[in-house]
Amino acid sequence: MPLPTDEKLLALSEDLIAQLQAIFGAYPGFRPAHAKGVMLTGTFTPAAGAAGVTKAPHVLRESTPVTVRFSDSTGLPLVPDNDPNANPRGMAVRFHLAERSHTDIVSHSTDGFPTRTGGEFLEFLRALASSDLTNIPASPFGAFLGSHPAALAFVQTPKPAPTSFGRESYFGVTAMEFTNAEGAVHFGRYRIVPEAGNEHLDDAATAAKSASYLMDEIAERVAAGPVAFKLMVQLEGVGDVVDDATIHWPESRAVVELGRIELTAMVPENAEAERHIIFDPIPRVEGIAPSDDPLLELRAAIYLISGRRRREAK
Ligand code: HEM
């Protein structure tokens with residue numbers, strides 16, 4: 001996939017990567033965000049009604065191999081799994097359609113994002129980096145939150161630690177445009193829901209966990225049996241805004257099942273696989289197109305720039 005040529009987009013991408021590295025430190029060979037992760041493999045099997053939503057190949061086929069990367073937040077490769085800043089957790093899914101052909105979903109465990117645009121997210125990060133977090137109200141970050149209600153709402157949304165990567169729900173956040181074989185179009189937002197149910201820890205229980213409890217637990221869980229999720233899509237209703245990650249759609253909106261992700265094994269040589277794989281927030285597949293949400297094109301550029309550097313790092 002080539003990088004976009006839009007100079008402004010590329011400059012903003014570089015600024016965001018640099019700002020994340022200014023906050024967390026630069027760790028060549030690791031991601032500047034969601035640095036600590038673990039990868040598993042398995043299969044996607046479509047649900048009966050899924051073809052009504054999209055004609056995407058993995059939804060029309062009997063089954064498709066998948067690779068998943070779960071991650072902790074932050075650009076710290078050794079962030080303790082029980083650090084409160086390790087939330088939200090990430091889940092990136094790759095559907096292997098053919099040799100060198102794939103489509104991805106990049107999701108995290110909070111339903112929303114603090115800013116509508118990447119430029120605003122840069123302001124958010126810069127304010128954060130220049131603030132005394134023991135006195136937020138008097139800091140630039142406090143001022144940013146005071147003038148950006150969506151960022152305040154995101155920061156205030158509870159983000160409890162899960163007991164397992166397999167007992168957390170993940171949200172695609174940015175809407176996609178789904179087209180079925182009859183040409184019917186629906187905008188929708190992914191939700192990936194664990195079949196075992198959500199299970200979260202309170203602060204004391206989180207503090208009592210080990211720094212690698214999630215990485216250790218998922219290996220034990222998958223050794224004992226498949227780790228399964230339902231891939232759902234929340235469909236837009238009349239009047240819903242489809243290009244703004246900060247705006248929630250009413251919970252009354254229909255949520256349809258696209259299929260089931262069943263993870264069955266750890267990826268061997270995990271560290272090398274993590275370093276190599278570059279997930280793409282834009283689907284680039286028939287039947288699923290990006291919405292006009294400004295985060296999508298920007299993130300696609302950032303993840304590609306960052307991923308290529310990671311692969312080349314000595
Ligand atoms: C302007 C907004 C955003 C910026 C600047 C940003 C930045 C980044 C960067 C630099 C990476 C590392 C990419 C790599 O080196 O491969 C990353 C990864 C990631 N981001 Fe974002 N991100 C943004 C929005 C989001 C949103 C909205 C979500 C959730 C839907 C999200 C979820 C993730 C996840 C799960 C990963 C890890 C992917 C993997 O496992 O490779 N990010 N982000």
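The protein has 9 helices and 10 strands, where helices (H or I, at least four residues) and strands (E, at least two) are DSSP runs numbered from the N terminus. Its radius of gyration is 19 Å, close to the 20 Å of the globule rule for 314 residues, so it is as compact as a globular protein of that length; the radius is taken over C-alpha atoms, and the rule is 2.2 Å times the number of residues to the power 0.38. Keep in mind that this is a predicted model: local features need pLDDT of at least 70, side-chain atom pairs count only at pLDDT 80 or more, and totals for chains, interfaces and linings use all residues. Residues are numbered from 1 along each chain as its sequence is written.

**Overall packing**
- The C-alpha atoms fill a box of roughly 55 × 45 × 40 Å along the principal axes.
- Of the 314 residues, 40% count as buried, meaning 20 or more other C-beta atoms lie within 10 Å of a residue's own, with C-beta atoms placed from the backbone.

- Val68 touches Met39, Leu40, Met91, Ala92, Val93 and Leu263, leaving aside residues up to four places away in sequence; touching here means C-beta atoms within 7 Å.

**Around the ligand**
- The ligand is surrounded by 31 residues, and the closest are Arg31, Ala33, His34, Gly90 and Ser306; the cut-off is a C-beta atom within 6 Å.
- Helix α9 turns up again here, with the largest share of the shell at 8 residues.
- By class, the shell has 17 nonpolar, 10 polar and 4 charged residues; Ala, Val, Leu, Ile, Met, Phe, Trp, Tyr, Cys and Pro count as nonpolar, Asp, Glu, Lys and Arg as charged, and the others, Gly among them, as polar.

**Gly188**
- Gly188 sits in strand β7 (residues 185-194).
- It counts as buried because it has 26 C-beta neighbours inside 10 Å.
- Among the residues Gly188 touches are Ala175, Phe178, Val233 and Leu235.
- Gly188 and Val242 are 54 residues apart in sequence, yet 8.1 Å apart in space, C-alpha to C-alpha.

Methods: Buried ≥ 20, exposed ≤ 12 C-beta atoms within 10 Å, placed from the backbone. Contact = placed C-beta atoms within 7 Å.
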